[in-house]
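Come and read along with me.

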Amino acid sequence: MKVTLTVNGSDRSGDVEPRVLLVDFLRTNLRLTGTHVGCDTSSCGACTVLIEGEPVKSCTVLAVQATGRSITTVEGLAQGANLSPIQIGFHEEHGLQCGFCTPGMMLVGTSLLERNPNPTEDEIRWAISGNICRCTGYMNIVKAIKHAAMLREAATATTREKAGAAPGGQ
Amino acid sequence: MATEVHMHGRIGESIKRKEDGRFIRGKGNYLDDIELPGMLHMAILRSPHAHARISSVDTAAASGMPGVIAVVTGELMAQHKLAWMPTLSYDTQAVLATDKVRFQGQEVAAVIAESKYQAEDARDAIMVDYDVLPAVISPQQAKEAGAALIRDDKENQKDNHIYHWEAGDQETTKAAFAKADKVVRLHTFYPRCHPAPLETCGCIADVNGATGKATIYMTSQAPHAIRTVFALVTGLPEQNIRVISPDIGGGFGNKVPVYPGYVVATAASLLIGRPVKWVEDRTENLISTGFARDFHMTGDLAVDKDGKMLALRVHLDSDNGAFFADAQPTKFKAGLFHIVTGSYDIPTAHVTADGYYTNKAPGGVAYRCSFRVTEASYLIERLVTNAAIELGMDQAEFRMKNFIQPEQFPYHSATGWVYDSGDYPKAMNVALEQLGYDELRKDVKARRKKGEVTGIGIASFTEVVGAGHGAEFDILGLRMFDSAELRVHPTGKAILRMGTKSQGQGHETTFAQIVTEELGIPAADVAVEEGDTDTAPYGLGTYASRSTPVAGAATAMVARKLRDKGRKIAAHLLEAAEEDLEWESGRFYVKGSPDKAKTIQEIAFAAYTNIPDGMEAGLEGVHYYDPPNMTYPFGTYAVVIDIDKGTGQVKVRRVVAVDDCGVRINPMIVEGQIHGGLAEGYGIAFMELITFDPEGNCIGSNFIDYLLPTAWETPRFELGETVTPSPHHPLGAKGVGESPTVGSPAAYVNAVMDALAPYGVTNIDMPVTSDKVWAALRAAGVNE
Ligand code: FES
Ligand code: FES
């Protein structure tokens with residue numbers, strides 16, 4: 001069956017059996033290997049991607065079900081050489097060790113901050129509770145997401161300032 | 001003159017990790033990310049039964065399925081003398097079963113096909129007839145008269161007993177017990193759990209028919225040792241085997257052993273002439289690869305009326321599964337369990353251990369632990385808390401009274417260890433202070449008066465990590481040294497290669513910092529490479545917290561060698577005598593005239609362009625470090641919990657962890673390691689369990705049954721530190737990755753025991769789940 005979807009802003013397509021999981025399609029057909037597989041029971045969240053901005057475990061979705069949708073994987077977080085706030089947050093706060101859970105964690109964090117730009121610790125912990133990390137004990141993942149929130153806040157403030165300072169800008 | 005030096009990244013600086021860049025971009029290179037031209041995929045058929053005789057294996061249907069290239073059976077492996085392989089504990093293990101299956105999940109056959117989906121389809125079409133036999137699922141059953149004989153393949157094996165092992169002194173211990181005012185006993189079971197790294201195990205075997213070179217990509221914590229084992233098992237010449245451990249998604253001990261899948265994939269690639277990839281799924285990981293613990297332990301602690309410890313007697317029955325495949329040093333059958341006297345000055349002790357075969361997965365590994373130290377630490381710390389409660393003494397005070405004192409180091413323990421250094425009272429005091437112990441004790445009293453169930457648990461663990469010394473510690477005869485090779489390029493940048501292998505510990509940063517400290521090259525300018533046996537010097541690998549104690553020491557030593565050569569070059573450049581030069585922050589300068597100096601970068605350039613007559617060009621070296629002793633990190637952990645009387649739910653209110661791992665190279669990374677271990681310790685104490693029904697079916701074969709802590713359950717951690725440098729490590733470092741898993745389970749459970757002490761409860765086996773706590777409270781008359 002033909003699958004056509006948008007991944008990280010580009011149109012991609014492929015021919016797959018109906019049973020092929022989205023995660024396998026991304027990893028094998030598109031060679032986007034940043035999306036990982038950590039379990040076979042939809043428990044770990046290593047395979048998390050964003051579908052239309054919402055975090056989804058790509059091991060629970062068939063590739064064909066994603067037809068026509070817009071998908072963001074970890075490879076789509078940075079804009080060229082510019083890391084996104086969440087990526088900077090994870091680096092700055094030591095939010096990763098082996099890195100295997102990191103793509104999923106960062107995507108969940110990204111979507112959380114879209115909905116809730118200034119989450120509390122409990123809100124962050126709840127948001128990432130579908131994702132398992134075996135290395136970090138979560139302390140620094142929470143800090144990383146807070147750090148990203150701060151960067152986004154700062155960026156918005158700067159944009160606002162610029163907009164305000166622009167001649168005739170309102 | 002360019003004498004300015006930037007030494008960013010010295011020891012003690014929390015620099016950000018050098019390895020992060022690729023991981024946060026989704027560009028890590030984990031095993032399953034590797035795709036080779038012409039690569040095939042392998043799926044393994046596993047036994048549904050715990051114990052059964054195989055009467056037939058029919059592969060006809062499977063062989064004809066789309067995409068199938070080959071079906072491999074035990075019989076085929078036997079034709080190549082590969083149906084069995086040696087284990088790390090001098091036993092044998094079936095690669096693919098020929099006679100019987102001995103645990104649920106055992107490897108029976110394998111399919112190699114063009115795609116993973118096709119391989120799995122065909123695997124399901126293999127027909128196997130089994131005659132089911134009674135399953136043995138515990139040491140207690142294993143030793144019963146008339147128990148089914150599991151290892152009937154071994155000629156002299158008449159029962160299910162594997163080994164008997166002892167340490168300490170039986171006679172003096174007996175005498176001390178005779179004089180005791182009180183003996184406190186604890187019988188507790190440290191259940192089977194699993195390291196469950198988020199990435200499962202796997203390999204890609206690529207045997208080149210034209211050159212005979214076998215390149216094996218493998219999720220291995222110990223690639224060099226694996227290469228040697230492969231050479232011995234397969235008979236391939238060792239120079240033709242190249243093991244590459246790519247980025248590893250967590251290991252925690254699970255990725256130390258050699259698994260049958262590796263051997264089958266390699267044999268298949270050899271026979272077919274194409275690369276073969278095998279990546280296990282989560283269920284395969286949980287039911288067949290290196291488990292942890294499964295120790296049934298009984299401890300007796302003899303004390304006098306003043307609360308002084310007199311002697312310790314311990315017996316343990318170890319459940320080793322169907323093959324004795326524990327990954328541990330040769331001389332020690334129950335790992336380093338005899339460190340069981342812990343942090344206490346116990347004059348005499350006697351430890352006995354018996355290992356048994358059962359119809360369960362083999363391969364006892366140290367789940368974030370140095371060869372069974374975790375079990376030992378758990379037993380003694382639980383026993384000590386129970387004893388304090390029974391004596392009516394405060395847990396902290398009882399520990400203080402019996403600690404090995406700072407002036408007793410190096411301390412010779414009753415079971416033969418020589419502890420290198422420690423200051424246990426100090427770590428305890430820091431922890432109590434940070435916790436506000438005295439206030440909290442009052443608070444606990446007040447809450448209990450109101451009918452609340454609440455408690456404080458303490459554990460003051462001592463670890464033993466960083467194996468060797470090589471004369472004492474070896475794996476399959478390979479001495480447990482480790483190595484570092486350092487090359488400084490003409491522009492003053494460097495590459496460091498080691499025999500270890502990071503699985504998330506941040507080696508690319510930590511070890512670069514050692515070079516910065518010793519040689520003055522900024523950490524950013526030092527590339528660190530591990531895991532390729534064709535390029536890295538030989539080493540025993542990363543587990544048992546041995547990387548910093550052993551390979552870290554090797555790094556310091558090799559850097560010092562280069563510095564010595566650098567001094568000669570600097571003397572030549574400065575036209576000064578070597579002894580007139582002083583080393584400081586990345587440069588040599590002439591004593592008394594600090595302006596006359598040469599930086600390490602200038603020296604490196606000269607090493608290739610302007611050397612004194614008779615000197616070898618270049619600035620590189622290698623060091624193999626065989627540690628004179630183990631290192632002994634320690635600490636005190638304190639946990640406060642509240643129990644919901646109605647549901648039995650345990651809520652962790654606070655966790656204070658004070659660690660002393662000697663000198664910390666990158667404190668940020670050290671703290672990250674401690675967080676991770678405390679979370680895994682929490683999982684072990686309250687959630688993680690691999691158990692079996694009477695037929696030997698594994699319960700805990702996926703992440704729905706085998707529960708791992710998420711961010712929601714995991715408590716917040718408060719860290720503290722003391723620093724007692726190791727006297728024999730060149731940097732004073734001790735290793736830390738495992739301390740929190742070693743120390744914390746007892747602290748968590750001790751808190752529960754403290755809370756339940758008023759109800760007369762003295763033990764609940766881990767995981768301490770709500771139902772067990774609820775039942776204990778109910779038995780004590782609560783909730784009736
Ligand atoms: S791989 Fe998708 S949830 Fe684990
Ligand atoms: S960093 Fe290893 S699983 Fe999260």
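**A helix in chain B**

I began with helix H7 of chain B, residues 223-234, in what is a predicted model. I counted 12 residues in H7(B), and the span from its first C-alpha to its last is 16 Å, close to the 16 Å expected at 1.5 Å a residue.

Next I asked how many residues of H7(B) are buried. The answer is nine of the 12, so the helix is largely enclosed by the rest of the structure. I listed them as Pro223(B), His224(B), Ala225(B), Ile226(B), Arg227(B), Thr228(B), Val229(B), Phe230(B) and Ala231(B).

What do these buried residues pack against? I found strands E12 (214-218), E13 (241-244), E22 (478-479) and E24 (494-498), along with helix H8 (260-272), in chain B. After H7(B) comes Gly235(B), and I noted its positive phi, near 80 degrees.

**Where chains A and B meet**

I then turned to the interface, where 48 residues of chain A are in contact with 53 residues of chain B. The two chains bury about 4400 Å² between them, and carbon and sulfur atoms give 56% of that area. Of the area that chain A buries against chain B, His94(A), Gln97(A) and Arg134(A) supply 18%, more than any other three residues.

I looked for charged pairs too, and the rule finds nine salt bridges across this interface. I wrote down the one that joins the side chains of Glu121(A) and Arg716(B), at 3.1 Å from N to O. My last entry is about class: the side of chain A that touches chain B has 21 nonpolar, 16 polar and 11 charged residues.

Methods
Residues are numbered from 1 along each chain as its sequence is written. Chains are lettered from A and ligands numbered from 1 in the order in which they are written. This is a predicted model: local features need pLDDT of at least 70, side-chain atom pairs count only at pLDDT 80 or more; totals for chains, interfaces and linings use all residues. Side-chain values use heavy atoms; hydrogens and water are left out. Helices (H or I, at least four residues) and strands (E, at least two) are DSSP runs, numbered from the N terminus. The expected span of a helix is 1.5 Å times one less than its number of residues. Buried means under 20% relative accessible area, exposed over 50%, partly exposed in between (1.4 Å probe, protein chains only). Contact means heavy atoms within 4.5 Å. Buried area is the accessible area (1.4 Å probe) that two parts lose on being put together, summed over both. A salt bridge is a side-chain nitrogen of Lys or Arg within 4 Å of a carboxyl oxygen of Asp or Glu. Ala, Val, Leu, Ile, Met, Phe, Trp, Tyr, Cys and Pro count as nonpolar, Asp, Glu, Lys and Arg as charged, and the others, Gly among them, as polar.
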